Amino acid sequence: MADRSPVLRIITSAARDSLEPLGLAQRGRSRLWIDDHGWWLGVVEFTPSRIAGSGLHVGAMWLWSDVDHLAFHVEAVRVGSELFRTEDQFTRLALDLSQQAAAHVTALRERFPSLSDAARHLTSRPVRRGFLWDSFDSGIAAALARDPDMARDHFQQVLREVAMAPWMVDAQEKARELHAIAADRDAVSDWVTRAVDSCRSKLGLVPAPCAIS
């Protein structure tokens, strides 16, 4: 088996060249890089393989989800793993992956420059039964966009799901609370701000303005 140590070193070097100039920060010494926008994150993961190598996963995470782990709520790209064979071969691969990551991070920034842009994206998606977080996120976006009827419809979708796990019960409790205040945009904004602050704390991110307006 190829030594894993050069893999992370090469990936980190390539990511620093492509992602640090855009303002992304590496999570410790991991394969994860973060593009922090206060209430949402761009997330880049140079995904590991069973043996030495890397793929790529880039997406956006809505921090109002208030969870203690990074997530991909909107997927930008997923590239399957390529194996480490030689340092020269993998250096070229890492450079290509990091450049792809930078391009998709930039595209996400252009796609979600403001809350209203995120709301338009989320509320325009077709409802997919069984995708609880889709409806949850869309409900929040609709409420913040001052469309309480649409917000309630999405929260109702969350509540119709059969709760098979504790996290689903928690999501439905939140959806029930948000359903009740959907017409009060200020109340929803306050709820979202608290959730974002809580999520940032759980993820070890520095406090930042939520910018929900």
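I began with S1 and strand S2 (residues 32–36) in this predicted model. Two bridges join them, and the two run antiparallel. I looked for a facing pair and found Gln26 opposite Trp33 in S2. Five residues lie between the strands of this hairpin. Among them I checked Gly28, which takes a positive phi near 60°.

Next I followed S2 into S3. These two pair in the antiparallel sense over five bridges. For Ile34 I noted Val43 as the bridge partner in S3. S2 and S3 also form a hairpin, with three residues between them. In that turn I found Gly38 with a positive phi of about 85°.

Then I turned to strand S3 (residues 40–45) and strand S4 (residues 53–62). I counted six bridges here, again in an antiparallel run. I wrote down two of the pairs. Glu45 has His57 in S4 as its bridge partner. Gly42 has Ala60 in S4.

The last pairing I looked up was S4 with S5. Seven bridges join them, and they run antiparallel. Gly59 has its bridge partner in S5, at Glu75.

I put the sheet together from there. It is open, with five strands in the order S1-S2-S3-S4-S5 and antiparallel pairing. Which strands stand at the edges? I found strand S1 (25–26) and strand S5 (74–83) there. Each has a single partner strand, so one side of each is left without a neighbour in the sheet.

I went back to S4 to check its cover. How many of its residues are buried? The tally is 10 of 10. I then sorted S4 by direction. Gly53, Gly55, His57, Gly59 and Met61 point one way. Ser54, Leu56, Val58, Ala60 and Trp62 point the other way. Residues on both sides of S4 are buried.

Is His121 buried or exposed? I read a relative accessible area of 18%. The cut-off for buried is under 20%, so His121 counts as buried. I then listed its contacts, leaving aside neighbours within four places in sequence. His121 is in contact with Val74, Arg111 and Phe112.

Now the whole chain. I counted seven helices and five strands. From the N terminus on, the elements run α-β-β-β-β-β-α-α-α-α-α-α.

I checked the overall dimensions. For 213 residues, a compact globule would have a radius of gyration near 17 Å. The chain has 19 Å, which agrees. Along the principal axes, the C-alpha atoms fill a box of roughly 60 × 35 × 30 Å.

I looked at burial and contacts across the chain. Buried residues make up 47% of the 213. I took the contacts between residues at least 6 apart in sequence. Of these, 55% join residues at least 24 apart.

The accessible surface comes to about 10500 Å². Carbon and sulfur atoms account for 52% of that surface. I counted 25 positive and 28 negative side chains. The centres of the two sets lie 3 Å apart.

Conventions
Residues numbered from 1 in each chain as written. Predicted model: local features only at pLDDT ≥ 70, side-chain atom pairs only at ≥ 80, totals over all residues. Heavy atoms only, no water. Helix = DSSP H or I, 4+ residues; strand = E, 2+ residues; numbered from the N terminus. Rg over C-alpha atoms; globule rule 2.2 N^0.38 Å. Buried < 20%, exposed > 50% of the residue type's maximum accessible area, 1.4 Å probe, protein only. Contact = heavy atoms within 4.5 Å. Areas by Shrake-Rupley, 256 points an atom, 1.4 Å probe, with all protein chains shown as cover. Lys, Arg positive; Asp, Glu negative; His and termini not counted. Charge placed at Lys NZ, Arg CZ, Asp CG, Glu CD. Pairing = 2+ DSSP bridges.
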